[in-house]
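Here is a short briefing on one protein chain. Look over the sequence and the model, then work through the points below.

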Amino acid sequence: MNLLDIWLLAVALAMDCFTVSIVSGVILSNRFPLFSKEGLGVFRLAFLFGAFQALMPLIGWIATSRFSEHLEFIDHWIAFALLAFIGGKMIKESFDEEEKHTFDPQRLRTQMLLAVATSIDALAIGISFACTGYHQLSQLTIPLVIIGIVSFLFSILGYILGARFGKSIARRLKPELLGGIILVVIGVKILMTHLLAIS
């Protein structure tokens, strides 16, 4: 892969992070301005997204020689299960009374689950790296750094867009319902893409 391919790949991998960050921006915009003390949780979410997007290809690359067949078989099921669980919880809570809502993109546990779920696809990228001439760890440094930085920046941008334009949407739609549906759709997309590829 050349450098342009790496940048395009990084943008493609960042799309799920971008979408989830928009939803987070809609949900949190009234409570946590981006550059407030509490808004630091947004940067933590973006950092986790970037870190996991960079870490997963490394794990996929390392595991390729021994576990690639097993990873390819279950990675999409793991991503689907995590996203469906989180999305289903959000959808359910969107019909609860306001004080009963517990989904909070500021919580570390929620952020970790989202980071893992949105980065599972990147495992396959690590496997593809191993199959396209990346035989040494030093060769992966630049691609992994680019992937991590792009995901981080897209996550911040997504949050800003969600916070800026989401308030008008939030007046008409329940953010938790919209976010839950989006997460489930992403999970289904990941699952269907893999199942169709092997059929």
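Gln 111 sits in helix H3, which covers residues 108-119. This is a predicted model. Gln 111 has a relative accessible area of 0%, so by the cut-off of under 20% it counts as buried.

**Around Gln 111**
- Which residues touch Gln 111, leaving aside its neighbours within four places in sequence?
- The contacts of Gln 111 are Gly 41, Arg 44, Leu 45, Leu 48, Pro 105 and Gln 106.

**The whole chain**
- The chain holds six helices and zero strands.
- Its pattern along the sequence reads α-α-α-α-α-α.
- The chain has 199 residues, and 47% of them count as buried.
- Take the contacts between residues at least 6 apart in sequence: 88% of these join residues at least 24 apart.
- The accessible surface of the chain is about 10400 Å². Carbon and sulfur atoms account for 71% of that surface.

**Helix H1**
- Helix H1 runs over residues 3-28.
- H1 has 26 residues, so at 1.5 Å a residue it should span 38 Å.
- Where does H1 bend by about 35 degrees? The bend is at Met 15.
- In general, an α-helix has 3.6 residues a turn, so residues three or four places apart point the same way.

**A salt bridge**
- How many salt bridges does the count come to? The count is one.
- Side chains of opposite charge can pair when their charged atoms come close.
- Here the partners are Lys 189 and Asp 16, with their closest N and O atoms 3.5 Å apart. That pair meets the salt-bridge rule because the cut-off is within 4 Å.
- The pair links distant parts of the chain, 173 residues apart. Lys 189 belongs to helix H6 (residues 175-198), and Asp 16 belongs to helix H1.
- Are the two partners buried or exposed? Asp 16 is buried, at a relative accessible area of 8%. Lys 189 is partly exposed, at 42%.

**A nonpolar patch**
- Leu 3, Trp 7 and Ile 142 make a nonpolar surface patch of about 320 Å².
- Trp 7 is found in helix H1.
- Trp 7 has a relative accessible area of 40%, so it is partly exposed. Patch residues need over 30%, and Trp 7 has 40%.

Key. Residues numbered from 1 in each chain as written. Predicted model: local features only at pLDDT ≥ 70, side-chain atom pairs only at ≥ 80, totals over all residues. Heavy atoms only, no water. Patch = residues over 30% accessible without salt bridge, like charges linked within 9 Å, V, L, I, M, F, W, Y side chains within 5 Å. Areas by Shrake-Rupley, 256 points an atom, 1.4 Å probe, with all protein chains shown as cover. Salt bridge = Lys/Arg side-chain N within 4 Å of Asp/Glu carboxyl O. Helix = DSSP H or I, 4+ residues; strand = E, 2+ residues; numbered from the N terminus. Buried < 20%, exposed > 50% of the residue type's maximum accessible area, 1.4 Å probe, protein only. Contact = heavy atoms within 4.5 Å. Expected span 1.5 Å × (residues − 1). Bend = angle between axes of the 7 residues up to and from the residue.
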